[in-house]
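Trainee: I have a model open and would like to learn how to read it. Where do we begin?

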Amino acid sequence: MGTTKSKNWQYFLGPLSKDNPVIVQVLGICSALAVTAQLKPAFVMTLSVVVVTAFANLIMSLLRKGVPGRIRIIVQLVVIAFLVILVDQVLKAFVYDVSKQLSVYVGLIITNCILMGRVEAFALSNKPWPALVDGAANGVGYGIILLMLGFVRELLGSGSLWGVRVIPDEWYIQNGGFYANNGLMMLPPMALVLVGIIIWVHRSSKSNKDLIEK
Amino acid sequence: MKVNKNSSVYIIVYATVMVVVVAAVLAICAMVLQPIQNANVERETKGALLTVAGMSVATEEIEKAYAENITEVQVAASDGGSLPLYQSSVGGRTLYIIPVAGSGLWGPVWGYVALDGDWSTISAVVFDHKGETPGLGAEIAAPVFMDQFVGKQLFEGDNLVGITVLKGAGASQGNPHAVDAISGGTITSRAVETMIRTTLEEYKPYIEKQRSNGND
């Protein structure tokens with residue numbers, strides 16, 4: 001029991017840093033650039049992805065013995081699409097405001113490479129409980145990067161955090177100050193640059209030296 | 001009995017069962033949730049109309065406030081059909097609310113424009129969208145953008161000029177027919193400009209009639 005427990009713990013810790021889906025496996029970059037102009041959508045997207053990766057992994061792990069190898073990708077896609085539509089419908093019915101906030105991004109979870117990646121690489125060859133842990137952890141690992149990007153981009157791009165203004169109005173040039181928001185922060189290319197900086201910092205830390213390609 | 005998981009029969013049966021099960025669950029789910037979702041959308045529309053009429057009401061009171069303050073009428077359109085127009089009287093002030101709709105960058109954008117009795121001065125606007133980019137185009141639904149429309153004029157004399165969106169912060173200052181566009185959301189900003197102009201074009205015959213009546 002002790003060993004399985006620590007193994008699950010490792011399944012959970014891996015995707016947070018050493019095996020992070022965004023900055024190490026370089027998956028899910030597209031949505032990481034699209035939804036991080038502000039912190040709030042980044043956070044709600046994180047939550048939705050955690051739910052969908054966890055359950056997609058769980059369901060595929062339960063089905064793994066019966067899935068015909070030749071159509072497994074299609075089966076994975078159907079399971080993921082099914083979950084995403086279900087989440088979307090439930091959000092629309094019971095938390096309409098949140099659903100509006102997320103708009104198209106709930107639907108776009110289907111195309112997130114992390115989902116297919118984890119289902120194919122992990123859930124199909126592991127038991128349900130580790131698969132659930134792995135799915136959730138990858139969702140969280142993805143979310144950490146999203147929140148970092150959202151924090152920096154909203155702060156420097158709009159001068160606010162979670163929609164609340166944090167840079168005082170009198171600092172702005174139009175009010176006689178010295179400060180201006182960085183418009184580039186609002187655009188997706190800058191998010192890519194930020195992802196690059198995160199990867200750089202992450203790889204230069206002592207414990208991650210082995211990630212550097214020779 | 002050992003099943004061969006790679007046989008065509010197994011694959012076809014597996015795929016068929018899977019599709020039927022998934023379709024059935026999703027269909028049932030959609031049918032059960034449909035009334036709740038429709039009620040949400042309808043309540044949101046009514047809430048938007050109340051907002052633009054100058055009332056902010058809690059979600060639970062929207063139905064009652066709507067029934068008390070807003071009436072819907074049909075008016076003749078330029079192409080001979082009829083168009084919806086909402087009238088509100090909040091605090092003794094009569095406003096005419098015109099629903100507008102157009103296409104943004106990723107999907108539909110729509111909104112409501114409330115006009116004063118002169119049929120030209122904008123009293124308030126509400127915009128919304130299906131899937132514009134958060135932080136960029138989606139900002140058309142932010143108060144910062146919508147508040148700019150208050151007090152602007154749709155007509156220049158007898159000409160319908162609509163509201164133009166201009167590039168650069170403060171570019172529209174002092175201009176009664178323009179507002180500042182959203183940086184990074186140019187296409188959506190232009191969509192708002194276009195939707196107001198084209199929708200108003202359809203209402204033009206009716207509005208002109210009202211304006212000339214008012215000026216007599």
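Mentor: Begin with what counts as touching. Two residues are in contact if their C-beta atoms, placed from the backbone, lie within 7 Å. Keep in mind that this is a predicted model.

Trainee: Now the fold of chain B. Which pattern does chain B follow along the sequence?

Mentor: Chain B has 4 helices and 9 strands. Their order is α-α-β-β-β-β-β-α-β-β-β-β-α.

Trainee: Is chain B spread out or compact?

Mentor: Compare the radius of gyration with the globule rule. For 216 residues the rule gives 17 Å, and chain B has 23 Å, well over that, so chain B is more spread out than a compact globule. Its C-alpha atoms fill a box of roughly 90 × 40 × 35 Å along the principal axes. Buried residues make up 31% of the 216 residues in chain B. Of the contacts in chain B with a separation of 6 or more, 48% join residues 24 or more positions apart.

Trainee: How should I read a pair of helices?

Mentor: Two packed helices are described by the angle between their axes and the distance between the axes. Take helix α1 (residues 8–52) and helix α2 (residues 62–69) of chain B: their axes come within 10 Å and cross at roughly 50°. That makes α1(B) oblique to α2(B). The crossing of α1(B) past α2(B) is left-handed.

Trainee: Which residues make the contact of α1(B) and α2(B)?

Mentor: From α1(B) come Arg43(B), Lys46(B), Gly47(B), Leu49(B) and Leu50(B). From α2(B) come Ile62(B), Ala65(B), Tyr66(B) and Asn69(B). The residues of this contact divide into 5 nonpolar, 2 polar and 2 charged.

Trainee: Last, one residue. Is Val166(A) buried or exposed?

Mentor: Count its neighbours. Val166(A) has 11, so Val166(A) is exposed. Val166(A) sits in the loop between β2 (164–165) and α9 (188–204) of chain A.

Trainee: What does Val166(A) touch, not counting residues up to four places away in sequence?

Mentor: Val166(A) touches Leu155(A), Gly159(A), Ser160(A) and Leu161(A). Val166(A) and Leu155(A) are 11 residues apart in sequence and 7.8 Å apart, C-alpha to C-alpha.

Technical notes:
Residues are numbered from 1 along each chain as its sequence is written. Chains are lettered from A and ligands numbered from 1 in the order in which they are written. This is a predicted model: local features need pLDDT of at least 70, side-chain atom pairs count only at pLDDT 80 or more; totals for chains, interfaces and linings use all residues. Helices (H or I, at least four residues) and strands (E, at least two) are DSSP runs, numbered from the N terminus. The radius of gyration is taken over C-alpha atoms; the globule rule is 2.2 Å times the number of residues to the power 0.38. A residue is buried if 20 or more other C-beta atoms lie within 10 Å of its own, exposed if 12 or fewer, and partly exposed in between; C-beta atoms are placed from the backbone. Axes are lines fitted to C-alpha atoms, for helices over the stretch in contact, and angles run from 0 to 180 degrees between N-to-C directions. Angles under 35 degrees count as roughly parallel, over 145 as roughly antiparallel, 65 to 115 as roughly perpendicular and the rest as oblique. A crossing is left-handed if the near helix is turned anticlockwise from the far one by less than a right angle, and right-handed if clockwise. Ala, Val, Leu, Ile, Met, Phe, Trp, Tyr, Cys and Pro count as nonpolar, Asp, Glu, Lys and Arg as charged, and the others, Gly among them, as polar.
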